[in-house]
Amino acid sequence: MELLDTMLRRRSVRKYAPEKVEKDKLETILKAGLTSASGRGIRPWELIVVEDPETLQKLAGCREPEKNMLAGAGAAIAVIADPEKSSTWVEDCSIVMANMHLMADHLGLGSCWVQCRMRTAHNGQSTEDYVRCILGYPENMKIEAILSVGSLAGHPDPYNEEDLRMDKVHYETY
Ligand SMILES: Cc1cc2nc3c(=O)[nH]c(=O)nc-3n(C[C@H](O)[C@H](O)[C@H](O)COP(=O)(O)O)c2cc1C
């Protein structure tokens, strides 16, 4: 499949079938994340993989209202970084998220971005503190987002090239 076809097919998937996510596919998704470009090549990120159903259930409370796609997921990948390491940590983490999300779709899995930075958990705590309590990363590390990943129960329609808003593109001047 051409890369643009893969990109057109990519959609956010929030409901999953109960089957586990195969280990090799999960590893390929992680590798896709680790290929990511980063400002000055610093790669300030770390990835935390969660497959334990109880932990996934707890993570679902990371947002208000609860993010049930985490409770129903086969796996979740939290992307954290040390902001002291790079002023572009948000952009760097976002690229990791985007690459992993795209790879998940390419492998026939469903996945969705769960925003964590600047968000509030179901219990009123910051999502930052809530997720740190569960995953145990140190104070200097900040969370950007979590990717929920699961087997497909269904897939929204792919985009067509005709759907692309080419009017958003400006040449030479705005
Ligand atoms: C920065 C960012 C944050 C997002 N946060 C969430 C989120 O917290 N919860 C959610 O269900 N989807 C989230 N999404 C997914 C978007 O809702 C989704 O990409 C958008 O609705 C377009 O749908 P598509 O991904 O199927 O094209 C996020 C996407 C991005 C890029």
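Strands β4 (109–115) and β5 (142–152) pair in the antiparallel sense over seven bridges, where strands are DSSP runs of E of at least two residues, helices are runs of H or I of at least four, both are numbered from the N terminus, and two strands count as paired if DSSP finds at least two bridges between them. Within this pairing, valine 114 stands opposite isoleucine 146 in β5. The structure is a predicted model, in which local features need pLDDT of at least 70 and side-chain atom pairs count only at pLDDT 80 or more, whereas totals for chains, interfaces and linings use all residues. Residues are numbered from 1 along each chain as its sequence is written, and side-chain values use heavy atoms, with hydrogens and water left out.

With β3 (75–81) it pairs in the antiparallel sense over seven bridges; alanine 75 stands opposite valine 149 in β5, and isoleucine 80 stands opposite isoleucine 143. Strand β1, formed by residues 16–17, also pairs with β5 in the antiparallel sense, over two bridges, and here tyrosine 16 is placed opposite leucine 152. Nine of the eleven residues of β5 are buried, so this strand is largely enclosed by the rest of the structure; buried means under 20% relative accessible area, exposed over 50%, and partly exposed in between, as computed with a 1.4 Å probe on protein chains only.

Strand β3 is mostly covered, with seven of its seven residues buried. Ala75, Ile77, Val79 and Ala81 point one way from β3, while Ala76, Ala78 and Ile80 point the other way, and all of them are buried. Six bridges join β3 to β2, and these two strands run antiparallel; tryptophan 45 stands opposite alanine 81 in β3.

Helix α2 spans residues 23–34, and its twelve residues reach 16 Å from the first C-alpha to the last, close to the 16 Å expected at 1.5 Å a residue, the expected span being 1.5 Å times one less than the number of residues. Leu26, Ile29, Leu30, Ala32 and Gly33 are buried in α2. Seen down the axis of α2, these buried residues fall within an arc of 155°, so they line one face of the helix; the arc is that of the directions from the helix axis to the C-beta atoms. On the other side of α2, Lys23, Asp24 and Lys31 are exposed. The cover over the buried residues of α2 includes β2, β3, α5, β4 and β5, contact meaning heavy atoms within 4.5 Å.

An oxygen atom of the ligand is 2.5 Å from an N or O atom in the side chain of serine 12, and an oxygen atom of the ligand is 2.4 Å from an N or O atom in the side chain of tyrosine 159. For glutamine 115, a polar backbone atom is 3.0 Å from an oxygen atom of the ligand.

A cis peptide bond, with omega about -5°, joins glutamate 64 and proline 65, and proline 65 lies in the loop between α3 and α4. Arginine 43, in the loop between α2 and β2, has a phi near 45°, a positive value in a residue other than glycine. Methionine 118, in the loop between β4 and α6, has a positive phi near 65° and is exposed, with a relative accessible area of 68%.

Key. Polar contact = N/O pair within 3.5 Å; in protein donor to acceptor, adjacent residues only side chain to side chain.
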